[in-house]
Amino acid sequence: MLMATPAMAQPPQSGATATAPNIQSTTASTASMHKQGEWRASKLVGVNVYNNSNEKIGDINDLILDSSGRVANVVIGVGGFLGMGEHNVAVAFDQLKFSKEPLNTASNAGAGKTGSASSVTTGSASTSANRNDNWYPDHVVLNADKDQLKKMPEFKY
């Protein structure tokens with residue numbers, strides 16, 4: 001083994017020079033920075049999904065990418081308890097509306113609470129600073145109800 005090590009460290013004999021692959025992008029200078037409107041996929045998993053009546057209908061379990069790297073479908077888990085008995089359905093990404101603002105519900109409408117009605121309407125920086133929502137939305141809205149999703153074909157991995 002020790003005898004082979006010096007031979008592997010010798011320069012190429014054919015006159016070719018070893019160079020690093022030329023990997024460049026038009027956005028190479030900005031690819032190292034998070035941009036507004038971009039979310040980490042790992043942070044989207046677990047985000048709650050609500051209907052238009054502010055009723056929770058599920059949560060995001062997975063993202064399905066097409067061959068170009070774009071999100072084609074979002075797998076939403078509906079029903080179940082602690083992951084047991086959950087019904088997974090695939091919904092087209094463009095059917096979802098992403099919201100950075102917390103829901104205005106009776107449980108968070110009290111004065112002085114994080115996510116209170118005043119911070120929802122004004123977009124208070126205290127709520128977003130605590131959650132760092134630049135990396136993921138607060139919740140997702142889908143124009144469907146829980147029963148409609150449960151009747152959809154189950155998404156199988």
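Which residues line the largest pocket? They are Gly37, Glu38, Trp39, Ala41, Leu44, Leu63, Leu65, Val71 and Phe93. This is a predicted model, where local features need pLDDT of at least 70 and side-chain atom pairs count only at pLDDT 80 or more, while totals for chains, interfaces and linings use all residues. Residues are numbered from 1 along each chain as its sequence is written, and side-chain values use heavy atoms, with hydrogens and water left out.

**The pocket**
- A pocket here is an open set of points on a 1 Å grid over the protein atoms alone, where a 1.4 Å probe fits, with protein on both sides within 12 Å along at least five of seven lines; lining residues have an atom within 4 Å of a point.
- The volume of the largest pocket is about 210 Å³, counted as the space filled by probe spheres set on the points, which are joined across faces, edges and corners.
- At least two lining residues come from each of α2 (41-44) and β2 (56-65); helices (H or I, at least four residues) and strands (E, at least two) are DSSP runs, numbered from the N terminus.

**The whole protein**
- There are five helices and six strands, in the order α-α-β-β-β-β-β-α-α-β-α along the sequence.
- Of its 157 residues, 24% are buried (under 20% relative accessible area, 1.4 Å probe, protein chains only).

**A look at Asn51**
- Asn51 sits in the loop between β1 (48-50) and β2, and is buried, with a relative accessible area of 5%.
- Beyond its neighbours within four places in sequence, Asn51 is in contact (heavy atoms within 4.5 Å) with Ile57, Val141, Leu142, Ala144 and Asp145.

Conventions:
Buried < 20%, exposed > 50% of the residue type's maximum accessible area, 1.4 Å probe, protein only.
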